[in-house]
Amino acid sequence: MPPEMSIGVYIHVPFCAYRCAYCDFAVVTGQLGRVEAYLAAVQREIGAFRRHWGPQTVGSVYFGGGTPSLLEPSAVARLLEAAAGLGTLETEAEISLESNPDDLSAERLAGLRKAGVTRLTVGLQAVDDRRLEALGRPLDAALGLEALERALDSGFVSVGADLIFGSPGQISDRWPEEIDAVLAVGPPHLSAYALETTSRTRLLRAVERGALPAPDPDQAATLYEVTCERLAAAGLERYEISNFARSGHRSRHNLLYWQDRPFVGFGPSAASYFAERRWTAPRRLSEYLRTAGRAAGGADVPPCSSDRLAGEALVFGLRLAEGIDLEAIERRHGAAAVARRRPVLERGVEAGLLLGEGNRFRLSSRGVLLADEIFVDLL
Amino acid sequence: MIPEKIRNFSIIAHIDHGKTTLSDRLLELTGAVAKRDLVAQALDSMDLERERGITIKSHAVTLPYRARDGQEYRLNLIDTPGHVDFSYEVSRSLAACEGALLVVDAAQGVEAQTLANAYLAVENDLQIVTVVNKIDLPSAEPERVLEQVEEIIGLPAEEALLASAKSGQGIEEILEAIVQRMPPPAGDPDAPLKAMIFDSWYDSYRGAYMLIRVIDGTIRPGQRILLMATRGEYQVEEVGIFSPKQVSSDSLSVGEVGWVIAGIKQVHEVKIGDTITEALRPASVAFPGFQEIKPLVFSGLYPSDPADYTALRDALDKLRLNDSSFEFEPEVSDALGFGFRCGFLGLLHMEIIQSRLEREFDLDLVTTAPGVPYKVKLKKGEYIEIHSPAKLPPAQEYEWIEEPFIKATILTPQDYVGPLLKLLEERRGEQRELRYVGPGRVLLEYELPLAEVVTDFYDRLKSASRGYASYDYELTGWRRSDLVKLDLLVNGQSVDALSVIMHADETYRRGQKLASKLKELIPRQQFEVAIQAAVGSRVISRTNVKALRKNVLAKCYGGDVSRKRKLLEKQKEGKKRMKQVGQVHVPQEAFLAVLKLED
């Protein structure tokens, strides 16, 4: 990749106050005592990376989790400083942080802003107490909306809200009310994710036991369509399958994932895509702490084949509403890898899942809901 | 040995009545096998036989015996297969004998196989010596059993012997009865050679072995022989007996039983029941009773992994080297890919072959539901025999279909007669006999289509009678039946592997059941999938799989491409394992589940 290209930095913060029922991320609860060791490990990791790969220009930093808002602002500042130590942190860099509403006191918000966070996402997940309970989140819906409001008043460049739909027992008719409640507070960015039950979370086990009704994929499809309509009417444009924003508020960091651009992850389970390599840090915190910084991330990983990377560029690029430009992918990963997949794209157009125009392809409105039907053949 | 000093006999019994233990005891007592070498069940040489307690291959052992009269005798024990699948082989083994020991369990009493075997022995003119075995059991009731022997089989109770093969009690009396009561073989030592083949197997060094009984004349190494049914000519290389070790001898003559090798390369060239004669001086007529054995149960065998196709073919070739009674031919199924249509003598035979393919050749197989052969009378005039529903011509091209029928003999405690009659009616059975035999026991004879017993009949019979009913059957012939082919269609396209031939009255019920089962198993696709069960162009049942509305992962967390990739690859793997019927992806499990669908 061209050396002048800036990279994104993802920092995984594994600490949580509790584990939500649907969560299958690398998370630990009740272990804030290990924060210090964690911070040191991330610093070691970043140092090793820089020594091996040389200085980088960083265009965005994203604190994901876990619950990054559990960290003291001073800890966030230390991590940001470490990230800057990779080379140059662009002056206009986007610094995002995921938060849980009950961490967002005015004081914490001010501290995070002061530490350098420019973009805050608030994990509401639901604005309905019964749904919060089904999702295993011991929170109050009204307090969540208040926290979002405070976040909007705290001077961040951008604020987003996260919602999950398709939870067990969700009543379809009430969903528009939830969306409207969030829209009334007015975040310029919204992520709306359909609940996934691909791994055996507490929620899935409850469903299997019969304690909760099984999520209904047809209902999820309907709720998704409702979401798109509602948000479009409110001026939030869908720019990726699950992401909506007013103009100028798209997540610069998340776009890297979909636009086939480099990012480096630190912290347990963090994924990286750098120098044509993909790697993932150890998932378990104790293993991560033991090994972080021993070797630079990606140092012992061979580059991926251009065929694989082309497939991934297509699959992730198609998640964006603007779709993909085959020529750009050809330039980057070679003509053969793209030519091999062209028939799949054409079949997708025939089946009405894709819209094609010359070298550009994007998902149709039907295709958005059935994207994986094409993606499996594109990989 | 002169014929007067030879006795050829079989042991016949219902399963588990102690046939094998008695054989072992006879071997031990006559000194053919030393007690310390007698690992239980010396005669059953295949692992499967020992495991299942069933004799699959025939054997013949020559036992030297000095009788109470001071004379030396040679007793040839011809062990018979203990399962109805091999009834032709049983009949040939019995035809090689002059007498039979009919073993009846002193606690269980006469069972269906006891009866069927006794009839076979009578048909073959054998002198029957009844042995009531296991008299040492606390639950033994020899008196009651003897009554049954008289009542059900019609053999005189007072001539029966009481014994325990396990403890050795009464064994000498059995040996004496063989010598005293069974007739010696009769035959003309100077007539042209006539010997009946009652078993054969393949040896990779010596070629085909034949197990024979000499009727007339003598067979010896160097002789030119002719197999009368197949017209094959060979030169005898070696002859001998089993003692039970394989021993060569100079010749085998009238009445003797032993093995012959004659440079025959393939076991298919040897037909069980065929007669061996001299090529230069052939006998004028063959020993009676020869039949071509034909498979009665057919099923498709497919490798789970298409890459194993060649390995499966090689394995089938190898097994057929040693078993000429099973057949196979290549078959292509839309649903299951490339495989073989295989014909077996019966369900047990099928199970044996499948299990050997899996165990000895390490193959993972997909097996279609077993079916029977059908004879189809074409409008053009001739008959064709089909072994797969896919081969049935369109309805307008044939006049009728015939199917094989059996006569089933069932013995049951009277308490279970009700449920058994219901089962037999359901299976299109026609009653031929219902008779009370002895206190509380009922003999049922039914004619019913073979197709109705090849699936789960035996299990159903056992559960309807809490395990007490016993069952045996014999083939009676072909009969015209109102049969039709039921097809399953997925989006209008018929799925070959799922077609079944069945009685017209059954199509509605089964069609609905099959269609709804398939609906459960076909995952939702991008479009609606119609599932229909149809007979010809008449649709009997229809249902559909709703179109898939959503299949997309919502989130790509923290750029974790590898995680998402894994999930997509899992989907892709699943898709790969599916077979395409038109545009529709159908998981292999769906075919299997439908094939296994219980009635």
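1. Two strands count as paired if DSSP finds at least two bridges between them; strands (E, at least two residues) and helices (H or I, at least four) are DSSP runs numbered from the N terminus. In this predicted model, local features need pLDDT of at least 70, side-chain atom pairs count only at pLDDT 80 or more, and totals for chains, interfaces and linings use all residues. Residues are numbered from 1 along each chain as its sequence is written, and side-chain values use heavy atoms, with hydrogens and water left out.

2. In chain B, β17 (residues 297-303) and β19 (residues 337-344) pair in the antiparallel sense over five bridges. B:S299 stands opposite B:C342 of β19(B).

3. Both strands belong to an open, antiparallel sheet of four strands in chain B, ordered β18-β19-β17-β20. At its edges, β18 (327-333) and β20 (365-367) each have a single partner strand, so one side of each lacks a neighbour in the sheet.

4. Chain A and chain B bury about 3,400 Å² between them, 52% of it on carbon and sulfur atoms (accessible area, 1.4 Å probe, lost on being put together, summed over both parts). A:D372, A:V376 and A:L379 supply 18% of the area that chain A buries against chain B, more than any other three residues.

5. Between chain A and chain B there are six salt bridges (a side-chain nitrogen of Lys or Arg within 4 Å of a carboxyl oxygen of Asp or Glu). One of them joins the side chains of A:D218 and B:R524, at 2.7 Å, N to O.

How values were computed
Chains lettered and ligands numbered in written order. Buried area = accessible area lost by both parts, 1.4 Å probe.
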